[in-house]
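Hi,

Here is the structure I promised to pass on.

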Amino acid sequence: MTNAILEMRHVSKRFDMTQALDDVSLSLYPGEIHALVGENGAGKSTLIKIMTGVYRPDRGEMLLDGQPIQVHNSQEAQAFGIAAIYQEPMVYPDLNVAENIFISHADRGPFVRWGKLYRDAEAILSKLDVKLDVRMPARGLTLAAQQAVEIAKAISLDVRVLIMDEPTASLSAHEVSQLFRLVRSLRDQGVAILFIGHRLEEVLRIADRVTVLRDGRWISSTPRSEVTSEQVIRDMVGRAIDDFFAKSEAQRGELLMSVNGLAKHNIFSDISFDVYQGEVLGFAGLIGSRRTDVALALFGVEPADSGEITFEGQELEIRSPQQAAELGIAYVTEDRRSLGLIMPMSIAANISLPMLRKYLTRLGLIKQKEELAVAAEYQDRLSIRAPSVLVELEKLSGGNQQKVMLSKWLNVRPKLLILDEPTRGIDVGAKAEVHHMINDLAAEGLGIILISSDLPEVLAMSDRVVVMREGRHMGIFDQQEATQERIMAAAMGQAHAPAESRQ
Amino acid sequence: MRGLRHRIRPEQVRESVIVLLTVVVAFLFSTQIDNYFSARFFNRVSTSVAIIAVVAVGQTLVFLTRNYDLSVGSIVGFTAYFVGQTLTHNNEIAPLVAVLLAIGLGAMMGAFNGVLVAYGRVPAVIVTLGTLALYRTILVEYSDAQTVLTALLPEWILDLPRANIVSFGDVDIRLMVGVALVVVILFQLVLKYLPYGRRLYAIGSNPDAAEIAGFPSQRIVFLAFVLCGALSGLAGFMFLARFGNITVVAGLGLELSSIAAVVVGGVSNQGGAGTATGALLGAILIDLIDNSLIRWPEISEFWRDALLGLLILLAVAADAVIMNRLRNLWTRSELQMEAEADVSIAQEQGSHV
């Protein structure tokens, strides 16, 4: 076997509370496509950010041709021959194709020689068998063509290690094969390729070797010939569930909301499910599965184009968040900082915000006493740890901020509560409290939609789990059927997902 | 159609429209104002355009990176005053030294803007709004409300505005117009043929990509502000030569007219598109309108600024609506990639799973 170009040895990285990478080793060989797979948060992004110099590892080292190297930024990475291509290609829409390829070159002389620039660009593209007009501005390129330009750029820079971070995420099937042909021709020229993908079928189609990460740890690296999709999925999941708070058996009440064939052009299509009072309906899926988009449609922020929504027996269209809130739907966002809360304002002011009209005197002034009383009630009920309800939110921990956001929406007295990643970025204790609360709320008869990328959490908390993948509904599993393997298989688009079991 | 699109780009369509508009505007005014096409009026407008064009070229460099420089008027005023004051006290200073002093002074003020925007990451609007006031205040303090007087300036600078390159009858092509043309052509070439120029477009076109592209984008933005300051300094010198009497309000409002020239001339406020030639054409159009309105008794003085503002809004709106469509039309269906059959692999995959 030839020697590795780039080697990561025992790399660890920690952010505040999360160990993003824990003693991960990985070798990239010339002429090999190395696939890296793992759940959301498995540490893939952190690893490639270390390779490209965005982060520095806490421990461990990086070796290029056997020599340890230090990479401080992407320029340095590029100088070492390490480049990355992301999901959204980084082209300059106003520059033409040839300029896009050569913009980072420092060695093309003091003047731009346009004739030579075009000839060189054409030469590189023809080496890749890509037919593009190099004189046209890049703004009209399809995503696949933009990626071809990025790959041409990488080749022109003599890249030896090319990292491709989910390059196929927004491509059509046709474009994926266009891209894969390029990737193979790049491999055949001796480039080492690290390919990160969420579609298992594609990963297995392109990879020569598959490495699985889970919870920041290295699990396995297997040559393609010895790998099966079942095994990859088993390696990806396999997390312990027992330290989670399991949902008590639900007293399922009346049908609360029924969604049939909900669709939004180019975002999601044919989404159907029912939610009952007292039920927790989990939504599982990987990044890009469009679960949040469905939630935003249900809450009227980005209304769906077509499909039926029946809420409490009444068929209706949800066109605005105001309407959704009046119906009794609340949406607790995943993006606490920018969409969920107003950080410089107090706990009380945040909680009363959506219902401010209820706290007004006849002159239109805010009844502060009542506002504070309500806030204090929630502080007590959800055990928000803060010296007083007048404390600004930015002074609270993530977990307590999360509880304030929940209080804010509970105060609306919703019938249907949509929770989007309610335990992301909060510590274990706060997580358990949030789980407890979800359980209590369901017991009170609320219908709850729980979107979570934390697979054990979804499994433990939900009565039933909807699995989505790239805007499509992949199946509904009830608590008995739902196993990590099955859900992950459905989320990664494996064909043998069990039949839907809808009642 | 394909061949046509290769030869003409949307920017050129736009620039032709501005030339056409300028002709139409001149014609309209000539029907309203007696003796409109006079040599005297041409000389006056061309000298005035020269100053705005030089500032507008600097503004173009900054605009291309998706930034603004609102302090150009203050830089022009400050350099005009400072150089004028220096020449008053030292009549023997060589002309070249005086010009370099103006350019250097402007470059320093531009560098201060550039450091804060490029390295301090403060939005350009805030920085240059601050320095707009700051540089003007320093000028007021420094001048102690004194005026630079024409009578005390050396001979050569007083002769400068009337110095000609060539004359056609009474119509003069003045030295200052020549200087402006050289600046425009020089920077047109810089933008087209130097890697620095191309990277200005790249940064404005996609700042996120430029950040990780492996070229020093901060330094490039910084240098754009320095160049804009230097050109404003040069314009300050031209301002001094043209008017002789310099007060503390010299150059007031040049930020508005330079931005109007640049935007009307097709430099995108979203960065990434526009040329020095466009800026010159924009400067000609707006200054022609401005100077014609002065001579048109029907219109009150105060409407001139309003009209500038209206022109900016119209140009931006036209860009948003027409230019974007034009650009997409130009590129649509031109760029496609060869498909490939990946059948063998798909089958191999099928046998594995």
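Below is what I found in it.

This is a predicted model, in which local features need pLDDT of at least 70 and side-chain atom pairs count only at pLDDT 80 or more, while totals for chains, interfaces and linings use all residues. Residues are numbered from 1 along each chain as its sequence is written, and chains are lettered from A and ligands numbered from 1 in the order in which they are written.

On confidence (pLDDT, the predictor's confidence in each residue, runs from 0 to 100): chain A has a mean of 85, with 94% of its residues at 70 or more. Residues 497–503 of chain A fall below 50.

Helix α11 of chain B covers residues 217–243 and spans 39 Å from first C-alpha to last, close to the 39 Å expected at 1.5 Å a residue. Helices here are DSSP runs of H or I with at least four residues, numbered from the N terminus, and the expected span is 1.5 Å times one less than the number of residues. In α11(B), 23 of the 27 residues are buried (20 or more other C-beta atoms within 10 Å of a residue's own; exposed means 12 or fewer, partly exposed in between; C-beta atoms are placed from the backbone). Just after this helix, B:G244 has a positive phi of about 75 degrees.

B:T247 sits in the loop between α11 and α12 (254–264) of chain B. B:T247 counts as partly exposed because it has 16 C-beta neighbours inside 10 Å. Its C-alpha lies 9.5 Å from that of B:L139, 108 residues away along the chain.

Best wishes

Methods
Helices (H or I, at least four residues) and strands (E, at least two) are DSSP runs, numbered from the N terminus. Two residues are in contact if their C-beta atoms, placed from the backbone, lie within 7 Å.
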